[in-house]
Amino acid sequence: MLSTVGSFLRDLQNEDKGVKTAAILTADGREIPATTLMEILLMNDFKLVINKITYDVQCPKKEKLSMEHATDMENVKSLVHRLFTALHLEEFQKKREHHLLEKIDHLRGQLQPLEQIKAGIEARSEAKTSGLLWAGLALLSVQGGALAWLTWWVYSWDIMEPVTYFITFANSMVFFAYFIVTRQDYTYSAVKSRQFLHFFHKKSKQQHFDVVQYNKLKEDLAKATESLKQVRHSLFANARRESQ
C-alpha cells in the first residue's frame, strides 16, 4: 500500500541482476512517474519494459468496494502509514541531522570570507563615526570659546544675549529638520547609529560587499542551527524513552 513505481523497479533490479534497464509505461506509451503508488498503477493495464523488451500487463478488474469496506481500507492505510513513520522516524531524523550538519558547514564556509570583509568595513566605519563625533565636540568647544571671548573681551552680555538666542533657535531648527528627514528623535545614540550605517553601506559598495546576500546567509544559518537543535532534542528524547 505504501510502495511506489520507483521502489518496485529498484526491487526488480535487485532481485534479478540481469535487468539493466526497467521502466513502466501506460497503455498509450507514456512513462509513469516513479512516485506513483502501486495501488494507482494496478487500477489500469500498463506496459513493463525490461532491457528494451516490452511486456503487456493486464490488471484484474477490481470490484467496487462498499462504503463501509472503503472506510475500513482507508483506516488500515492510515494505520500502516503511521506505523511506517514511527518505525523510520529515528532513521529519518538521523539523516536530517547529517544533512543539517553539512548545510551548516557549507553556510559557515560561505560566511567566513564575508565575515572578514565585514569586520574590516565595520572597523573603518566605527573609526569614521568616532572621528565625526569628536569633530562635533571640537566644534561645540570652539563655539563656546568664541561666545565667551566675544562676551567678556570684545562685547558685553547685553550685545551677545540676542546672538546666543538666535544660535539656540538655529540649533532647534536643525534638530527639527533632522526629525522631518529621518522621522527619528535627535539623540546622540540614534545619530551615531545612523552615521555608522551610512559609512558601512558606502564602504560596502566600494568593496563590493553584498549586504543582502550576507544577511540571507546569516538567516539561513540561524534557521539551520535551530532545526538541528530541534532534531537533536527529539533524538535525545527518543533515546531516553528507549532507555527507560
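According to an unreviewed UniProt entry, the annotation "transmembrane region" covers residues 132-151 and 163-181; UniProt positions are given here in the numbering used for this structure, feature names are shortened, and such annotations may be inferred rather than shown by experiment. What you're looking at is a predicted model, where local features need pLDDT of at least 70, side-chain atom pairs count only at pLDDT 80 or more, and totals for chains, interfaces and linings use all residues. Residues are numbered from 1 along each chain as its sequence is written, and side-chain values use heavy atoms, with hydrogens and water left out.

**The annotated spans**

- Residues 132-151 are 100% helix and 0% strand, and the C-alpha atoms at the ends of this span sit 28 Å apart.
- Residues 163-181 are also 100% helix and 0% strand, with 27 Å between their end C-alpha atoms.

**The overall layout**

- The protein has six helices and three strands, where helices (H or I, at least four residues) and strands (E, at least two) are DSSP runs numbered from the N terminus.
- Walk along the sequence and you get the pattern α-β-α-β-β-α-α-α-α.
- Out of 244 residues, 22% count as buried (buried is under 20% relative accessible area, exposed is over 50%, partly exposed is in between, with a 1.4 Å probe and protein chains only).
- Take the contacts (heavy atoms within 4.5 Å) with a separation of 6 or more: 62% of them come from residues 24 or more positions apart.

- Strand β2 (residues 46-50) pairs with strand β3 (residues 53-57) in the antiparallel sense, over five bridges; two strands pair if DSSP finds at least two bridges between them.
- Across that pairing, Phe-46 stands opposite Val-57 in β3.
- The hairpin has two residues between its strands.

- As background, most residues other than glycine have a negative phi.
- Asn-51, in the loop between β2 and β3, has a positive phi of about 50° although it is not a glycine.
- Asn-51 is partly exposed, with a relative accessible area of 31%.
- Lys-52 lies in the loop between β2 and β3, and its phi is positive too, at about 70°, although Lys-52 is not a glycine.
- Lys-52 is exposed, with a relative accessible area of 77%.
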